[in-house]
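Keep the coordinates open as you read.

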Amino acid sequence: MPPADVATAPVTAKKRTKNSALATDSAGLGRGRALLFVAPALVLIGVFLVFPALWSIYIGLTNYTLTGPTSVRPDIVGVDNITDALSDPLFGNSLWLTLVFVFGSALIGQNILGFALAWMLRSARRWLRRLVEGMVLLAWILPSTVVAYLWVAVLDRDGGTLNALLSTPGTAWLVEYPMISLIVFNVWRGTAFSMLLYSSALDVVPPSQLETARMVGAGKLSTLRDVVFPHIRGHVLTNTLLITLWTANDFTPFLLTAGGPDHRSETLPVFIYQQALGSGALGYASAISFLLLLVNLVIALVYLRLLRRRG
């Protein structure tokens with residue numbers, strides 16, 4: 001290398017480093033000021049998310065209770081709470097009911113009904129589309145407590161709206177059919193999200209391909225399978241993940257049935273609440289919460305694997 005090139009090499013390297021730094025710092029704040037801007041958010045995440053999660057894991061390793069001597073000086077019991085939960089028939093019942101609740105109301109109900117509404121409304125008149133979207137969205141944005149008590153009134157044994165419509169006086173839907181009632185309620189309440197997501201997803205399907213499928217005589221099922229779903233597969237996976245996690249951790253069933261009658265609608269979040277505040281076994285409830293966290297993690301990992309395989 002000539003002497004002039006040797007002299008200019010360090011300068012060129014410095015320029016490249018500077019240009020690289022500018023490229024990664026598009027706002028021109030610098031690392032220190034950028035950290036200062038995000039510090040409040042990091043503090044809030046640490047205080048309200050990270051610390052409670054770590055504290056819950058620690059409590060799950062103890063016999064911590066709401067009252068009594070172990071509320072002041074709990075003992076470390078290791079994984080005894082988890083082994084007790086795995087051998088507890090009430091925990092097994094809650095796990096099974098949670099799977100039924102998720103499968104019936106999220107994977108089947110919200111997914112299928114949300115897509116069906118989006119597919120039917122894509123060619124509907126604008127005013128009809130806005131009307132249906134507004135009515136469905138209203139069920140989603142109302143507070144869960146308000147919606148739950150509205151449904152309690154609808155399903156009431158004496159004077160309930162459903163009994164009046166079906167001419168079935170005296171039928172106690174929340175007592176005789178608790179899980180079916182919860183599934184229908186959750187489908188009605190949560191379909192709006194799936195419908196809006198699928199409405200946006202269907203906009204990316206090329207109209208020319210739909211028109212070609214119609215011209216060659218493809219049926220509706222063939223069009224959905226061969227034209228529509230290949231374009232929206234990623235949206236389907238995303239929607240399925242989100243509504244699965246939301247439904248598995250949903251506490252609203254407690255407002256309708258409180259887990260009854262006789263534990264027949266006691267999903268895992270309700271079971272955890274009953275153990276923590278009903279029985280006062282905070283350590284046991286925290287261990288079950290950790291198991292629920294592991295279930296959520298497995299679901300998320302399966303979703304990421306499917307998404308990566310799609311890519």
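Thr247 is found in helix H11. Its relative accessibility is 4%, so Thr247 counts as buried. In this predicted model, Thr247 touches Phe101, Val102, Ser105, Ala106, Gln110 and Asn186, leaving aside residues up to four places away in sequence. One of these partners, Asn186, belongs to helix H9.

Two packed helices are described by the angle between their axes and the distance between the axes. For H9 and H11 the angle is about 150 degrees, and the axes are 10 Å apart. Angles over 145 degrees count as roughly antiparallel. H9 and H11 are therefore roughly antiparallel to each other. Their crossing is right-handed. On the H9 side, the residues that meet H11 are Asn186, Phe193, Ser194, Leu197, Tyr198, Ala201 and Leu202. On the H11 side they are Val228, Ile232, His235, Val236, Asn239, Leu242, Ile243, Trp246 and Thr247.

Pick out Ser194, which lies in H9. Is Ser194 buried or exposed? Ser194 is buried, because its relative accessible area is 0%. Beyond four places in sequence, Ser194 touches Gln110, Asn111, Gly114, Asn239 and Ile243. Of these, Asn239 and Ile243 sit in H11. Gln110 is also among the contacts of Thr247.

Helix H4 covers residues 89–121. The axes of H4 and H9 come within 6 Å and cross at roughly 40 degrees. That makes H4 oblique to H9. This crossing, too, is right-handed.

The largest nonpolar core has 23 residues. Those with the most contacts inside it are Phe115, Val136, Met195, Leu202, Val205, Val228 and Ile232. Which elements give two or more residues to this core? They are H4, helix H5 (126–141), H9 (178–202) and H11 (220–248). H9 gives the most, with 7 residues. Apart from this core lies another, of 15 residues, among them Ile82, Ala85, Leu282 and Tyr284.

Not counting residues up to four places away, Phe115 touches Gln110, Tyr198, Leu202, Leu224, Val228, Phe229 and Ile232.

H11 has another partner. The axes of helix H10 (residues 207–215) and H11 come within 10 Å and cross at roughly 170 degrees. That makes H10 roughly antiparallel to H11. Gln209, Leu210 and Ala213 in H10 meet Thr223, Val227, Val228 and His231 in H11.

Next come the backbone details. Most residues other than glycine have a negative phi, and most peptide bonds are trans. The loop between helix H12 (253–257) and H13 holds Pro261. The peptide bond from Gly260 to Pro261 is cis, with omega near -5 degrees. Ala258 is found in the loop between H12 and H13 as well. Ala258 is not a glycine, yet its phi is positive, about 55 degrees. At 34% relative accessibility, Ala258 counts as partly exposed. Ser167 also has a positive phi, near 55 degrees. Ser167 is found in the loop between helix H7 (161–166) and helix H8 (173–176). Its relative accessible area is 59%, so Ser167 is exposed.

Helix H13 spans residues 268–278, and its buried residues are Leu268, Pro269, Val270, Phe271, Ile272, Gln275 and Ala276. After H13 comes Gly280, with a positive phi near 80 degrees.

Leu49 is found in helix H2 (residues 30–59). At 56% relative accessibility, Leu49 counts as exposed. Leu49 and Tyr273 are 224 residues apart along the chain, and their C-alpha atoms are separated by 19 Å.

Finally, the record. An unreviewed UniProt entry places the feature "domain: ABC transmembrane type-1" at residues 96–303. That span is 79% helix and 0% strand, and its end C-alpha atoms lie 21 Å apart. The unreviewed entry also places "transmembrane region" features, including residues 34–58 and 95–119. Over residues 34–58 the chain is 100% helix, with end C-alpha atoms 33 Å apart. Over residues 95–119 the chain is 100% helix, with end C-alpha atoms 34 Å apart.

Terms used
Residues numbered from 1 in each chain as written. Predicted model: local features only at pLDDT ≥ 70, side-chain atom pairs only at ≥ 80, totals over all residues. Heavy atoms only, no water. Core = buried A, V, L, I, M, F, W, Y, C linked by side-chain atoms within 4.5 Å. Buried < 20%, exposed > 50% of the residue type's maximum accessible area, 1.4 Å probe, protein only. Helix = DSSP H or I, 4+ residues; strand = E, 2+ residues; numbered from the N terminus. Contact = heavy atoms within 4.5 Å. UniProt positions renumbered as here; feature names shortened; annotations may be inferred. Axes fitted to C-alpha atoms, helices over the stretch in contact; angles between N-to-C directions. Parallel < 35°, antiparallel > 145°, perpendicular 65-115°, else oblique. Left-handed = near helix turned anticlockwise from the far one by under 90°.
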